[in-house]
Amino acid sequence: VPVVYWARLLQLVLPHFSISADERIRYSLLYLDPLGEVTDFHVTGRNWSVNRERMEADYEETPAGHKYEVQRPLKRETQLANWICLGTLCRIGELLMTRWEDVDLVERYWTIPVANVKGPMGKKQGHRVYLSDFSLRQFQALKALTRTSPYCFPARNHKEDTHIDVKTVSKQVGDRQIQFKVRKDLSRRANDNALVLKSGSHREWTPHDMRRTGATMMQALGILPDIIDRCQNHVMAGSRVRRHYMHHEFAEEKKAAWEKLGQRIDAILGQSNPSSPAAPAQAATQKA
């Protein structure tokens, strides 16, 4: 689970446990405020907002030719990729291969062609993802960055238009959890532990964990497992006869599930919080 998730969740939980100083005196409850001194630092091991802002400022101030010598913030496109995985339950590879012609920002649907879906031919299916307010903002911010490219995540150093390597985002996340790697530092790559959670007690996380986390959040929201499976584009188990006759696609049910998930993420992150992924996305869209 991303560190920012827990930091924002803490902001929502703490007010329900806090007890004012006057109430403590009135009821002599001097020691019954278990979370009174807890901050996001105690939960995550770092002040996330301050650390991120400082890292970005230091990187921008570093002169050209020396930027590989300082800790580098995660690329904006990579951040958006992780948020989209969380908000849609998609696979990271399917996302990185996406063309803009498959994303309808007006009707709010993203179509994943069967050719991009993971799995052996004959056992995979295309997918249509409804974009909640949260997911739509991430795609809008991405469009403001990629502009005229036909790909949502274009490769920068190729003569022909193509998408970035499907392992790129996973590598960038992994490079910032170097304590789990048995290797020497790689040149022109990040080699730090900026994205390690809970000092590594919860192991290394990958973009695929966004898909798992989103599914778990849906489950906590009371969404039926069958609908979650369909939102993840799992091929449903059952006899061939059953699949042959039952063709209902549960489009409205899946739409409601994605909408609930997006609303929950927004509630956790806080729309009014300038450090949430929603606010920069809106700002980028307005500038485009």
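Trainee: What percentage of the 288 residues of the protein count as buried?
Mentor: This is a predicted model, in which local features need pLDDT of at least 70 and side-chain atom pairs count only at pLDDT 80 or more, while totals for chains, interfaces and linings use all residues. Residues are numbered from 1 along each chain as its sequence is written, and side-chain values use heavy atoms, with hydrogens and water left out. Buried means under 20% relative accessible area, exposed over 50% and partly exposed in between, with a 1.4 Å probe and protein chains only. Of the 288 residues of the protein, the share that counts as buried is 42%.

Trainee: How are the rings of Tyr109 and Tyr130 arranged?
Mentor: Rings of Phe, Tyr and Trp (its six-membered ring) pair if their centres lie within 6.5 Å, and planes under 30 degrees apart count as stacked, over 60 as edge-to-face and the rest as tilted. By this rule the count comes to 4 aromatic pairs. In the pair of Tyr109 and Tyr130 the ring centres are 5.6 Å apart and the planes stand at 65°, so the arrangement is edge-to-face.

Trainee: Which strands hold Tyr109 and Tyr130?
Mentor: Strands (E, at least two residues) and helices (H or I, at least four) are DSSP runs, numbered from the N terminus. Tyr109 is buried at a relative accessible area of 18%, and Tyr130 is buried at 7%. The pair ties together parts that are 21 residues apart in sequence, because Tyr109 lies in strand β2 (residues 109–112) and Tyr130 in strand β3 (residues 127–130).

Trainee: Which residue lies over the face of Tyr109?
Mentor: A charge sits over a ring if NZ of Lys or CZ of Arg is within 6 Å of the ring centre and within 35 degrees of the ring normal. The charged end of Arg99 sits in this way over the ring of Tyr151, 4.7 Å from its centre. Over the face of Tyr109, at 3.8 Å from the ring centre, lies Arg128.

Trainee: Are helices α9 and α12 roughly parallel or roughly perpendicular to each other?
Mentor: Axes are lines fitted to C-alpha atoms, for helices over the stretch in contact (heavy atoms within 4.5 Å), and angles run from 0 to 180 degrees between N-to-C directions. Angles under 35 degrees count as roughly parallel, over 145 as roughly antiparallel, 65 to 115 as roughly perpendicular and the rest as oblique. Helix α9 (residues 208–220) and helix α12 (residues 251–269) pack at an angle of about 100°, with their axes 10 Å apart. The two helices, α9 and α12, are therefore roughly perpendicular.
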